[in-house]
Amino acid sequence: MRSGGSSHDPVPVQRPDAGLFPLLTVFAGVMLTVCLHSWLSGSVSSMIQSTAHYSTGYVRVLTRAYAKEAAQNPNDLALLGVDTLLGELSSRYRDLLWTPRIQFGGLIDIPDTNGETRAQSPVSGLAIDLFNPGSPEWKVFDIRRSLIRGREPAKPGEILIGDELALKLRVGPGDTATLITSTMYGSMSITNFVVSGTVRFGIAAMDRGTVIADVSDMQRALDMQNGAGEILGFFADDFYHEERASEVTADFNRLHPVPPGSPPDAGSFLPVMGTLRTESGMSDYLDYIDVFSRIIVGVFVVAMSVVLWNAGITGSLRRYGEIGVRLAVGEDKTHIYFTLLAESIMIGFIGSLLGTAAGLGIAWYGQVHGLDIGSVLKDSSLMFPNVVRARITGATYLIGFFPGLLATFLGTAISGIGIYRRETSELFKELAS
Amino acid sequence: MTRPLVVAFTLSLGLLRAPAQTGDEILQKVDRNMFSERKIVVSRMIIHGMRETRTVESKSWQRGTSESYTEYIAPAREKGTKMLKLKEMLWEYSPSTDRTIMISGHMLRQSIMGSDLSYEDMMEDPHLPNLYSATIARSEAVSGRECWVLDLKAKKEDIAYDHRQVWVDKERFIPLRENLYATGGKLLKTVDVREVMRVQNHWLAKLVLYKDVLKEGEGTEFHIDNVTLDAEIPDYLFSKAALRR
């Protein structure tokens, strides 16, 4: 379709790039929304996973007395009869992998050739099940990939220590390290270990002063036969399923009640289970993050919708002449209106599709390679990984697509109403001016 | 008029007759009764924890106020563990690792063998008059024995208990009860002497119940099974080399 008289050059009724600006706007907006959502999901998910791996599991069993003071790792209040409890957990809740752990604090003392102290440092230790073939800990700690020097422990009496700590103490694989700590009865415990290797888990709070030992070794060192500070449960897919975790917790606690009418302290050493949400003390924090991330994404989606809506209006204004000519040659207003709507759907669809694809591409790169923020966390005590990764979920595919499509459509639908206000009698005057 | 005068005269006589000895003097007498230059003590600690009761047996050689050597005899897990105190220094030897570790800093606050006693208690100068100034608060009976209740205030800042309340047997000059407080006035530990014994000219505690009030459990009974005063103690015991013998 062409317009203009003999005194004018032919002008295309519809510019070939008429849809380009709205398309680019939709593309950019959708891409940014997808990226933002995936990074937010990834950060929260990383934090939950790190907390589960290194601290609370997805569910955790401990004694009621230990639970009250869990932050202090009170091993005098630890679980005893752990083998029986592990058997019960493994047979009743088969969708979770169960493993005992002991958290302990103490001093690591490095002897010189005369057996005198050469170097000493406070440590925060973790005893995990290293030698049981079914133990999930090798995967949870990703020990092989975390090794910096030496090898993984292969026999009792061997430990791993944080690489930073090892450098500070000037110890390496094969060296003897003496752990000085307290038994579960409060006596001083002095135990020799051989350093089999050094590790870096990528969690600044852990890498500064961690010792990893086998749980059986620490049971002996801490005089807690068949005992453990806690038993952790991990979902097989290594994701936190809040609903299932709550179900398992409620069922376990129903089976291990404090007998009615007992004195207040009678149930102190009975086991009790909690979910990651309650055990990590992050319940309010997770709620806050959830609400906050919804607000961020919501505000971003609304802002993007306004931009796209404006893009729709601007597009219609830019096509003022074209619409005039189409009206002048007798095209029906409703037909034009619906044509514009159809175009907007097409632009919204293509822009959203391309934007989602580009956003997913960036998110995938972020999921695989991550972003190293180790320098920011070097003095942090949070269980937060040094490398933050994006996470693509089902929502990531839709979070930008539908707002992109809808905003373009609504923008055109509202701005297009102007078509009905234009008078045919005025059209030639408008076009001539 | 004469009656009030008589009462006033009687009261003033009472004031003039005020305690024949001061708190510090009583504390000196306690020190003379309790202290002996050399002694060998065989003892048992029965530790009533939250979950179980454990018994730890030991033998100690003490010379003066600043030298002591202790060897643990039972249970099997602790057997052969030795501790050596020389002036301000304290070492613990662990036979299973063949390591001698110096106990210092915050480790001094740790409990000895899980009992209600800390290494800091062990390091304390046993001469209370060197550490505290005492005033008499009142008289009170403990287990049927008349006692002075002394308020002890630390003379120095860097000692474990800033303030103590001590019930001293008026006749035997042995403390029968003690409450130990932190600087802020918080009660940290209680000590109850349940049995006493006479050894030569000294009245000594035979059974003491220590209770760390910040700790769960029923406290630690400290039984003195045998004590030899003015015993001959070889010099080599008070050296680090003795720990690995």
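What share of the contacts in chain B with a separation of 6 or more is accounted for by residues 24 or more positions apart? In this predicted model, the share is 44%, and the legends below take up both chains in turn.

**Figure 1. Overview of chain B in the predicted model, with its extent and its secondary structure.** Chain B has five helices and 13 strands, and its C-alpha atoms fill a box of roughly 85 × 40 × 35 Å when taken along the principal axes. Of the 245 residues in chain B, 31% are buried. Among contacts in chain B with a separation of 6 or more, those between residues 24 or more positions apart make up 44%.

**Figure 2. Confidence along chain B and in the model as a whole.** The mean pLDDT of chain B is 87, with 92% of its residues reaching 70 or more. Over residues 1-18 of chain B, however, the pLDDT is below 50, and this stretch has zero contacts in the model beyond near neighbours in sequence. Where pLDDT is low, the predicted coordinates should not be read in detail. The model scores ipTM 0.78 and pTM 0.73.

**Figure 3. Helix 2 of chain B and the elements that cover its buried residues.** Helix 2 of chain B spans residues 23-34, and its 12 residues reach 16 Å from the first C-alpha to the last, which is close to the 16 Å expected at 1.5 Å a residue. Its buried residues are Gly23(B), Ile26(B), Leu27(B) and Val30(B). Seen down the axis of helix 2 of chain B, these buried residues fall within an arc of 100°, so they line one face of the helix.

**Figure 4. Strand 13 of chain B with its partners, strand 1 and strand 12 of chain B.** Strand 13 of chain B (residues 219-229) pairs in the antiparallel sense with strand 1 of chain B (residues 38-48) over 10 bridges, and it also runs antiparallel to strand 12 of chain B (residues 202-212), to which four bridges join it. Glu221(B) in strand 13 of chain B can be followed into both pairings: Ile46(B) stands opposite Glu221(B), and Leu209(B) likewise stands opposite Glu221(B). In the hairpin of strand 12 and strand 13 of chain B, which has six residues between the strands, Gly217(B) takes a positive phi near 105°.

**Figure 5. The side of chain A that touches chain B.** In the contact between the two chains, 17 residues of chain A meet 17 residues of chain B. Strand 5 (96-111), strand 9 (176-182) and strand 10 (188-199) of chain A each supply at least two residues of the side of chain A that touches chain B, and the largest share, four residues, comes from strand 10 of chain A. The residues on this side of chain A divide into five nonpolar, nine polar and three charged.

**Figure 6. Asp112(A) in the loop between strand 5 and strand 6 of chain A.** Strand 6 of chain A covers residues 117-128, and Asp112(A) lies in the loop between strand 5 and this strand. Because 9 other C-beta atoms lie within 10 Å, Asp112(A) is exposed, the cut-off for an exposed residue being 12 or fewer. The C-alpha atoms of Asp112(A) and Thr176(A) are separated by 9.5 Å, although the two residues are 64 residues apart along the chain.

**Figure 7. Helix 12 and helix 15 of chain A.** Chain A comprises 16 helices and 16 strands; 42% of its 433 residues are buried, and, among contacts between residues at least 6 apart in sequence, 80% join residues at least 24 apart. In helix 12 of chain A (residues 320-328), the buried residues are Ile323(A), Gly324(A), Arg326(A) and Leu327(A). These fall within an arc of 165° when seen down the axis of helix 12 of chain A, so they line one face of the helix. Helix 12 of chain A is followed by Gly330(A), whose phi is positive, near 95°. Pro403(A) is found in helix 15 of chain A (residues 401-415), and it counts as buried because 24 C-beta neighbours lie inside 10 Å. The C-alpha atoms of Pro403(A) and Val302(A), which are 101 residues apart along the chain, are separated by 8.2 Å.

Notes:
Residues numbered from 1 in each chain as written. Chains lettered and ligands numbered in written order. Predicted model: local features only at pLDDT ≥ 70, side-chain atom pairs only at ≥ 80, totals over all residues. Buried ≥ 20, exposed ≤ 12 C-beta atoms within 10 Å, placed from the backbone. Contact = placed C-beta atoms within 7 Å. Expected span 1.5 Å × (residues − 1). Arc of directions from axis to C-beta. Nonpolar A, V, L, I, M, F, W, Y, C, P; charged D, E, K, R; others polar. Pairing = 2+ DSSP bridges. pLDDT = per-residue confidence, 0-100.
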